[in-house]
Amino acid sequence: MMSMTFYVSSSVQLLFDFWDVNNPAGMVLSVFVVLLLSFFYELLKVFRQSMNLPQMAPLRTPYKVPPSCSSPEMHGTTSESSLAPIETGLTTADPKNSWLTHFVQTILHMLQVILGYLLMLCVMSYNTWIFLAVIAGSVLGYFILFPLLERMQQRGYV
């Protein structure tokens, strides 16, 4: 029967029959692989989010208010020119491109779900080292990749 509490050991069987670890060197390698899988999970999240950002458009067209309407004399009145839509430079997406983007997003989502469940099964081995590898990979991925996404947004790459 499998242990249902966390334990510290250099032997564990992860995910598949062939991934049977019985020595400290194998455990170090397994911890490194699980850490990389967890980091890759965070990379997929950031990549999917960066793909989604350029397509987000405002729900309403913003209207400009000329400076003359903000003066106290014009309080409460608006002219037709003040309700003209602001030119935002947004163009409509090509339908073929949107389907391709949606397909790629679907594939990436599928990979993210599969990887998430594999990481969950790794944690369910109840080996403390594997659990810490999943946590460390996730923290490291978030720490490195999300600021990179913010920089890309600020510079206009995404």
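Analyst: Helices are DSSP runs of H or I with at least four residues, strands are DSSP runs of E with at least two, and both are numbered from the N terminus. By this rule the protein has 3 helices and 2 strands, which follow one another along the sequence in the pattern β-β-α-α-α. The model is a predicted one, in which local features need pLDDT of at least 70 and side-chain atom pairs count only at pLDDT 80 or more, while totals for chains, interfaces and linings use all residues. Residues are numbered from 1 along each chain as its sequence is written, and side-chain values use heavy atoms, with hydrogens and water left out.

User: Why is asparagine 127 called buried?

Analyst: A residue is buried under 20% relative accessible area, exposed over 50%, and partly exposed in between, with a 1.4 Å probe and protein chains only. Asparagine 127 has a relative accessible area of 0%, and therefore counts as buried. This residue lies in the loop between α2 and α3, and, leaving aside its neighbours within four places in sequence, asparagine 127 is in contact (heavy atoms within 4.5 Å) with Phe6, Tyr7, Ser9, Ser11, Val12 and Met27.

User: How do you know that the pair of phenylalanine 6 and phenylalanine 131 is tilted?

Analyst: Rings of Phe, Tyr and Trp (its six-membered ring) pair if their centres lie within 6.5 Å, and planes under 30 degrees apart count as stacked, over 60 as edge-to-face and the rest as tilted. The centres of phenylalanine 6 and phenylalanine 131 are 5.1 Å apart, and their planes stand at 55°, so the rings form a pair and the pair is tilted. Phenylalanine 6 lies in the segment before β1 (12–13) and phenylalanine 131 in helix α3, so the pair ties together parts that are 125 residues apart in sequence.

User: What makes the pair of tyrosine 142 and phenylalanine 146 tilted?

Analyst: Their ring centres are 4.6 Å apart and their planes are at 40°, so this pair is also tilted. Tyrosine 142 and phenylalanine 146 are 4 residues apart in helix α3, which puts about one helical turn between them.

User: How do you know which residues belong to a nonpolar core, and which of the 15 in the largest one touch the most other members?

Analyst: A nonpolar core is a set of buried Ala, Val, Leu, Ile, Met, Phe, Trp, Tyr and Cys residues joined through side-chain atoms within 4.5 Å. In the largest core, Leu14, Val34 and Ile130 touch the most other members. Helices α1 (24–52), α2 and α3 (128–155) each supply at least two residues of this core. Valine 34, leaving aside its neighbours within four places in sequence, is in contact with Leu14, Trp19, Leu119, Cys122, Ile130, Ala133 and Val134.

User: Is tyrosine 126 buried or exposed?

Analyst: Tyrosine 126 has a relative accessible area of 18%, so it is buried. Tyrosine 126 lies in the loop between α2 and α3, and has a positive phi near 65° although it is not a glycine. Most residues other than glycine have a negative phi.
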